[in-house]
Amino acid sequence: MLADMADDNALRAHVLRRLTFGPRPGQVDDLADVAPADLIAQLLAADPFEPDPPSLGSDDDYSRLPQWWLDVMRDERAGVHERMVWFWHGHLTSGLEKASPSLMYRQHQLLRDHALGNFRDLVMAITIDAAMLYWLDGVGSSASAPNENYSRELMELFTLGRDGGYSEADVRAGATALAGWWVDGDHDDEVNYDEGSAATEPTDFLGRSVMYADDVVNAVCDHPSCAPFIATKLHTFIVGEPPSDDRRVELAAIFADGGLEIRPLLEAIVGHPSFLETRLNRPRSAVEWLIATSLLFDVEIDWWSLDGLGQVPFNPPNVAGWPGSGRWLSTGVEFGKAQVAYDNAWDTATLDSSDPLSDLLSRAGLYEISDTTRQVLEEAASSIESRHDRSTMLHALITLSPEFSLA
């Protein structure tokens, strides 16, 4: 019976790690009567969290915006929808390096509006989004001298993949059809279309005749590489690894046949046995780790800590977004995590005196740890007499454990 309960707790914690920014201390215990499959259904059915907008309009906006989103992700109301906003921010990237905080927030709202909606609509909206036009140099692009950046990344990174079956001629043709958009900085950064700098005749793109931005978006979304590429990206984000070849075909068919609706694709991914079976198999990104640490310590940790860890919201390193690999377990990142843990663990709650380790592991949502990890933590707990000092040390150590660093 206890083993079954531990297994279910592990599954509930896994669901909360992957579909929310939890688990929060005590959350798994509060859900003890909810089967893992029912928890998935509840999370999918929850209404999106609609936070108050950030207070922008000062010299501090470049700090206020990432701190605002970090606070939103820490909120107990942040669930599947917030997870998907974070996914799309890392996939359809733009950043503060080229776009103002107000434009990045506007794009953020765009992602919130489409996070679980239709992928075609999302791509169309972001193609003519002001932040994206600045980010990939669409502003000022004319049909006579088109900038190819967005056309290339639209196919290579956003919709088809590097092996998506497009050519350099398609990149040039797409850029020509996408030309003509500009941002009016004198009128609230309104996006306008200038026919004088746009294409005047159709051009061949991915085997179609295109002339306008929506023609380009429809062509890439209808391309046979699009559905499997996006299905693979989302599966990897949620499950932690790419789907098998057969599973990729299955998910691509669900996505394509459903008119590129995002929610049914997500439901198909989390409804498959592999979602619950594949646990602790990918690193927590810096943002995920910082939020989990903040919740465990019950303290607010400023966004600047993420700068040292290499993942600041609204500031991706490049158009490919942040790496989803073992970089988050690198030596440099681990040293950064240790500093964050050391700086913030001093005022953590005092743990249960009779079994502090079990108390902490439960609060951290860790129900599957190695014997080595348990031994290290037990030795640390037994070496300190003061309950407060023991709690401080254990909180810091648990956030640096291999299991806490995995999602």
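Visitor: Which residues form a negative surface patch?
Guide: This is a predicted model, in which local features need pLDDT of at least 70 and side-chain atom pairs pLDDT 80 or more, while totals for chains, interfaces and linings use all residues. Residues are numbered from 1 along each chain as its sequence is written, and side-chain values use heavy atoms, without hydrogens and water. A patch joins like charges within 9 Å, or nonpolar side chains (Val, Leu, Ile, Met, Phe, Trp, Tyr) within 5 Å, among residues with over 30% relative accessible area and no salt bridge. Asp and Glu count as negative, their charges being placed at CG and CD, and the patch is formed by Asp 352, Asp 355, Glu 378 and Glu 379.

Visitor: What is the relative accessible area of Asp 352?
Guide: Asp 352 is found in the loop between helix 18 (331-344) and helix 19 (356-363), helices being DSSP runs of H or I of at least four residues. The relative accessible area of Asp 352 is 34%.

Visitor: Which residue follows helix 12?
Guide: Val 239 is among the buried residues of helix 12. The residue that follows the helix has a positive phi, near 100°, and is Gly 240.

Visitor: Which residue is linked with Arg 282 and Glu 288 in a network of salt bridges?
Guide: A salt bridge is a side-chain nitrogen of Lys or Arg within 4 Å of a carboxyl oxygen of Asp or Glu, and Arg 282 and Glu 288 meet in one at 3.0 Å. Arg 282 is buried at 11% relative accessibility, and Glu 288 is buried at 6%. The network also links Arg 83.

Visitor: How far apart are the closest N and O atoms of Asp 359 and Arg 363?
Guide: Asp 359 and Arg 363 are 4 residues apart in helix 19, therefore separated by about one helical turn. Arg 363 is partly exposed, with a relative accessible area of 23%. In the salt bridge between Asp 359 and Arg 363, the closest N and O atoms are apart by 3.1 Å.

Methods:
Accessible areas come from the Shrake-Rupley method with a 1.4 Å probe; for residues, only the protein chains shown count as cover. Helices (H or I, at least four residues) and strands (E, at least two) are DSSP runs, numbered from the N terminus. Buried means under 20% relative accessible area, exposed over 50%, partly exposed in between (1.4 Å probe, protein chains only).
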